[in-house]
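Trainee: I would like to go through the labels attached to this model and ask what stands behind each one.
Mentor: Fine. Bring the labels and we will set each value against its cut-off.

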Amino acid sequence: MRVIPVACLKDNYAYLLVCERTRACAVIDPSEAAPVVAALLAENLRPIMLWCTHHHWDHVGGILELSVKYPGLEVVASTYDRTRIHGLTKTVDGGSVLSLGDLRAHVYEVPGHTLGAIAYAVMAPKRVVFTGDTMFLAGCGRLFEGTPAQMDQSLRTIVSLPADTQIYPGHEYTEANLRFAKTVEPKNLRIEAAFLRVHALRERGEPSVPHTVEEERAVNPFARVDEASVRAYAKLPSNASSADVLGVIRAAKDAF
Ligand SMILES: [Zn+2]
C-alpha cells in the first residue's frame, strides 16, 4: 500500500491511498479537484472512492467535479454529515469497515472539531490513520462544534492505535503547532528535536507528514494532558479533569 499526500488550497492535504496489488485507490479529503486529478494522472490511477473526514468546505470542495470526471465513485462520510455534504453515496459510523482492494479501513468517530468528524485507519500491511482536522501533528483542531471532553476522548482514540501507526492530518500546521508546544513544555527535548526537523523540512518546501502515534504521544500537548508538565502549564486545581486541561490549552493556542 502507498499513501501519497496531495497539497491543496493554501495548507490542506488530500491523500491518495493505494492498494498496490489491485491498483484500487481512494482519495481522502478532496479539498479541490485540480491537484487531486494531477496527482492521479501522474500515478496513472483511477479512484473508486472518496473518503471525507468532515463536512468543512476545504475537505469536500472537490467532490462534485471528481464525481463527474470519475463516474461510479463511491463518496463516503459520516451519517452525522449526510445532510451537510452534497454528493454522498454512502454513510458510515464508528465501527464501519471499508474495503479498498486488499485494504480494510476501520472508521472511528472522533468528534470535537466537528460533531460528525471521523477518522479512517488501515492496520495492514502498514498502519496509517487519516485524522482530518481532529488531530494535527503536534496539535488538534479548533473546537467549532464539540467540547473539550469530546476532543480529549477523540485524541485518546487516535493515540491508542499501535505506536508505529502513521498519522496523516488535514493540514500542514506542524511547525506552528510545535512552536506552541515548546511554550507549553519548554523542557521537552522531543518537542525541540521535532521542531528543528520539521523547520528544516518546511524550509525545503517538503511536507512534515506523517508522524507516528509514538511521536505524537511524546510531543502533542493535546494528547499529553495527563502529564504533570502540561497540567502545570494549565494552572488548574489538582482535581481538574483532563478535559479541563485540554480546554485551557486549546484556548491558549487559539490566542497564540
Ligand atoms: Zn475542518
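Predicted model: local features only at pLDDT ≥ 70, side-chain atom pairs only at ≥ 80, totals over all residues.

Trainee: Where is serine 154, and why is it called buried?

Mentor: Serine 154 lies in helix α4, residues 148-159. Its relative accessible area is 1%, and buried means under 20%, so serine 154 is buried.

Trainee: How do you know whether cysteine 140 is buried or exposed?

Mentor: Cysteine 140, in strand β12 (residues 139-140), has 4% relative accessibility. The value falls under the 20% cut-off, so cysteine 140 counts as buried. Between cysteine 140 and proline 169 there are 9.4 Å in space, C-alpha to C-alpha, and the two are 29 residues apart in sequence.

Trainee: Which atoms are the protein donors of the zinc ion?

Mentor: They are NE2 of His54, ND1 of His56, NE2 of His113 and OD of Asp133, at 2.2 to 2.3 Å from the zinc ion. Donors must be N, O or S atoms within 2.8 Å of the metal, so these atoms qualify.

Trainee: Why is the zinc site called irregular?

Mentor: The angles among the four donor atoms run from 89 to 168°. Tetrahedral requires all angles to lie between 85 and 135 degrees, so the 168° angle rules that label out. The site is classed as irregular. Water is not among the atoms, so sites may look incomplete.

Trainee: How are the zinc donor residues spaced in sequence?

Mentor: The spacing is H-x1-H-x56-H-x19-D. Histidine 56 and histidine 113, 57 residues apart, link distant parts of the chain. Histidine 56 sits in the loop between β4 (49-51) and α2 (57-60), whereas histidine 113 is in the loop between β8 (103-109) and β9 (118-122). Both of these histidines are buried.

Trainee: What lines the largest pocket?

Mentor: The space in the largest pocket is about 270 Å³. Sixteen residues line it, and His113, Phe136, Arg142, Phe144 and Tyr173 are the closest to its centre. Helix α9 (residues 242-254) gives the largest share of the lining, three residues. By class, the lining has five nonpolar, five polar and six charged residues.

Trainee: What makes the phi of asparagine 44 worth a remark?

Mentor: Most residues other than glycine have a negative phi. Asparagine 44 is not a glycine, yet its phi is positive, about 55°. Lysine 235 also has a positive phi, near 55°.

Trainee: Why are asparagine 44 and lysine 235 called exposed?

Mentor: Exposed means over 50% relative accessible area. Asparagine 44 has 65%, so it is exposed. Lysine 235 has 71%, so the label applies there too. Asparagine 44 is in the loop between α1 (33-43) and β4, and lysine 235 is in the loop between α8 (228-234) and α9.

Technical notes
Residues numbered from 1 in each chain as written. Heavy atoms only, no water. 1 Å grid on protein atoms, 1.4 Å probe; cavity = no way out; pocket = protein on both sides within 12 Å on 5 of 7 lines; lining within 4 Å. Points joined across faces, edges and corners; volume = space filled by probe spheres on them. Helix = DSSP H or I, 4+ residues; strand = E, 2+ residues; numbered from the N terminus. Nonpolar A, V, L, I, M, F, W, Y, C, P; charged D, E, K, R; others polar. Donors = N, O, S within 2.8 Å, 3.2 Å for Na, K, Ca; no water. Tetrahedral: all angles 85-135°; square planar, octahedral: opposite > 155°, others 65-115°. Buried < 20%, exposed > 50% of the residue type's maximum accessible area, 1.4 Å probe, protein only.
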